[in-house]
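Please look over the predicted model below. The report starts with charged pairs and then turns to strands and cores.

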Amino acid sequence: MLLLGCIKEVHDYELVISLPSGLSGFVPITQISDAYSKLLSQQVAQGELPEGLNSLSDMYSPGTLVRCIVTSVEKSDDGRRSIKLSIDPKKVNKGLSASALATGMLLSGSVSSVEDHGYLIDIGVSGTHAFLPHEKAKSYIKALKRGPDLKIGQNLTCVIVEVKNEGRVVRLSIDRSEVAASLATEKQNWALSNLLPGLVVKARVQKVTPLGMKLTFLCYFTGIVDFMHMDPEKSMNYSPDQVVKACVLSVHPGSKAVRLTLRPAFLHPGGCPNQLSSDRLGAVVEESTVKAFYKQFGALFELDDGTLAFARLKHLSKNRKSFKPGAFKAGCKHKCRIIDYSLMDEMCVVSLKNEVIEARFLQYQDIHTGDVVQGKVLSLKPIGMHVKVADGIKGLVPSIHLADMILKQPEKKYNIGDEVKCRVLECNPAGKKLILTLKKSLIQSDLPVLTNYEDAKPGLITHGFVVCAREFGCIVKFYNDVKGLVPKNELSTEPISCPDKVFFEGQVVKVMVLKCEPQQERLLLSFRLSSKSGPEDKREYTSKEKQEMKYQIGEIVDVKVLKKKDNGLEVSILEDEDDMVAWIPTQHLSDFVATSKLLWHCLQEGDVLPRVMCLSDKGEHIILSRKSAVISAVQEEQVVRSFSEIQPGMLLTGYVRNVMPFGVFVEFPFGVTGLAPKVSMSDKFVTDTKDHFVVGQTVIAKVMSIDEEKQRVLLNLKVSECSSGDSAAESFALLNQYFKELKEIRDLLKRGESSVAQGLCELVPGKELQLVVQDVREDGSALFSGSCVLGLTVTATRYHVGEKNVVPGKKMKALVLHVDAPTSEVYVSLREELLKQKP
């Protein structure tokens, strides 16, 4: 089918064409002309730009009329029909032969080469040599303002000014005045087999109907003008036998149906239709007036500015059932939204659907970088996932952005049609390019969105993602392709010799801007979010001035508590003639984080702690540890005293020294430190490292690899990898130590005079109590009171209330599950299956 179209958009690899009746089609870059395709093939073969090859945007601009032929109609991923077109003269003019060519004919051609005196034009007619002299192109080139010459592949509307040798040689003109004055006549011997869209003819009105009219032209041709293509100024004044000027819009080869337009913009070849101002697209019109209703097509409206608009049937109501024809009588008013503009119909396309009127996004211009959007999965491909954000708006989630971690098999996580929440990384409305991310860390981030270099002020903290990790550091990308460098010395407070082993492509990171040069698009970043350097806090000790090392690492001593401070205990080593003062950090009071806090809470000045191990003695102060697992590892020689002793596969007991977004630093007795990267931290998926480990936590780590040259150790903290083999025995030993320390805490509490403390000591997990229901909360949990729990808060969660009927004042049996000494809270259960197990 041959159609007259108007270029709507120009992209790198295709032209978007506006067609009659509000349709759109696409011309791929390979369907321009033979000469242009040949240059493209050279580029692919040679890998460089051949001379004479220009981009589509250098040759074409929106608003230009072109003749095209439908090559295929395909169904796209989102269920829409996609019309593929060609403007190649060999296909558009295939009905013409050399013998049919005549002076005054108007047809399409394409520049195939630039010669000394003019241009060779491909008009698609076999055996015909078409030439365009320079003087016949001057006015066109000057008006186009695209350089001094026409370009190979440029599509032209040409008039034949001379025919020689029975059509084997023709001379053409693209002079604007000659083209505009062109009129198809009977003398040019047009036939239905070669009739071309774009021809302007004189026609006679044969019949007028509400939906349009029937015309005759060129003696024996018949054509139809539909209601959208009558001249708006004269639409009600046409009568039979009236002679009008018309332009051929389309020719259907099968049905031989010819459609024409009477709109003024098309009645002078070489002209261009009126365009809509960009700010009107997407506008909501509160009151649009119905001009006419066509029950098979839709309704014609007059908008608030007097222009006409058309709404297809499916856009007049939510669905067919809710459609009421009576609401569309002439003069009725409706609220609508402009959803498109048809260049070929010179008319707005509107919708009355509430979902469209209230839609957040209607076109790519409505979407801004950093927006959080809902989408639907359209397809999964190796490059990533295609997501439908709205009708006509599609985005790409690159494969590294499908999750916080790189997914090897994304099809197991996502299905076609799934609803997904995304964040816009980049939006280019001109190129209809929308890049999205599904990384939760970026979607949920409350930090500022960095979309340009000008906003990157020093001190700004924001989220980005790693795109490259090398010896020199990491390159981190943000939104709108803004990127910066984190140099090696800014990767961590701890030295990292091989960033590529610690960081991975796509990893979400929190960074601070150190320096930015917007003009050069240079950005310097840091993973160290605090500007402070050196120790986190320097504790003051009453120890003597720096002295020689007196205690060896691993040596066991007894100590007495001198002073309690916020982050630990200041102690004196007993039986030391110099009254040596040392320090036990709170996290080193126990292998268990919760127990460490409890012990600190219960211990008082003057208390004696036996069997404490020297962890380091740097002369200025001694640091001690009471961690049973660490002490056992040292005593059983399951330790390394220097880097040279470390071997891959070793299991070592240590404690967390630092938790970073990219991993955990673990320190071992004698000062050796290693790093467990995020991917090796846990058998579970790690989103935030701080959810899995805390500073001071005792851990067993497996040595993965060592780098002797850079003195670097990589560790694995996965429980599945860090068992020595007898996991049951290890677990029971840990439990035994835990209960032993709980008993010690109870003994410390017993000595207090507080009745609450005494009460807490009596309560042990598994003990049965007689309690009275005090209150029942809205969430189903219950509060209790009783003589044995005076001053304590006793709670049973909804699950542990079970099926029991609990009402305030009722006496009930309960079993102690857990006692939280610092908060004086006791958790109990009323469940029968637990109470029955009591001997």
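By the rule used here, the model holds 27 salt bridges. One of them joins the side chains of K84 and E74, at 3.3 Å from N to O. This pair links distant parts of the chain: K84 sits in strand β5 (residues 81-86) and E74 in strand β4 (residues 65-75), 10 residues apart. K84 is partly exposed because its relative accessible area, 21%, falls between the limits of 20% and 50%. E74 is also partly exposed, at 38%.

| Salt bridge | Closest N and O atoms |
|---|---|
| E166 and R168 | 3.9 Å |
| K433 and E426 | 3.5 Å |

K433 is partly exposed at 38% relative accessibility, and E426 is partly exposed at 22%. Shared partners join D34, K90 and D122 into one salt-bridge network. E166 is exposed, with a relative accessible area of 67%. R168 counts as partly exposed at 46%.

Now the strands. Five of them close into a barrel, in the order β6-β7-β8-β10-β9, with mixed pairing. Neighbouring strands of this sheet are turned by 50° against each other on average, direction ignored. Strands β6 (residues 106-114) and β7 (residues 118-122) run antiparallel and are joined by 4 bridges. V114 has Y119 in β7 as its bridge partner.

Last, the cores. The largest nonpolar core has 52 residues, and I121, L150, L215 and F217 have the most contacts inside it. A second, separate core of 46 residues includes V561, L624, V773 and A782. Leaving aside residues up to four places away in sequence, I121 touches residues including V111, A130, L132 and L172.

Terms used: Residues numbered from 1 in each chain as written. Predicted model: local features only at pLDDT ≥ 70, side-chain atom pairs only at ≥ 80, totals over all residues. Heavy atoms only, no water. Core = buried A, V, L, I, M, F, W, Y, C linked by side-chain atoms within 4.5 Å. Buried < 20%, exposed > 50% of the residue type's maximum accessible area, 1.4 Å probe, protein only. Contact = heavy atoms within 4.5 Å. Pairing = 2+ DSSP bridges. Helix = DSSP H or I, 4+ residues; strand = E, 2+ residues; numbered from the N terminus. Axes fitted to C-alpha atoms, helices over the stretch in contact; angles between N-to-C directions. Salt bridge = Lys/Arg side-chain N within 4 Å of Asp/Glu carboxyl O.
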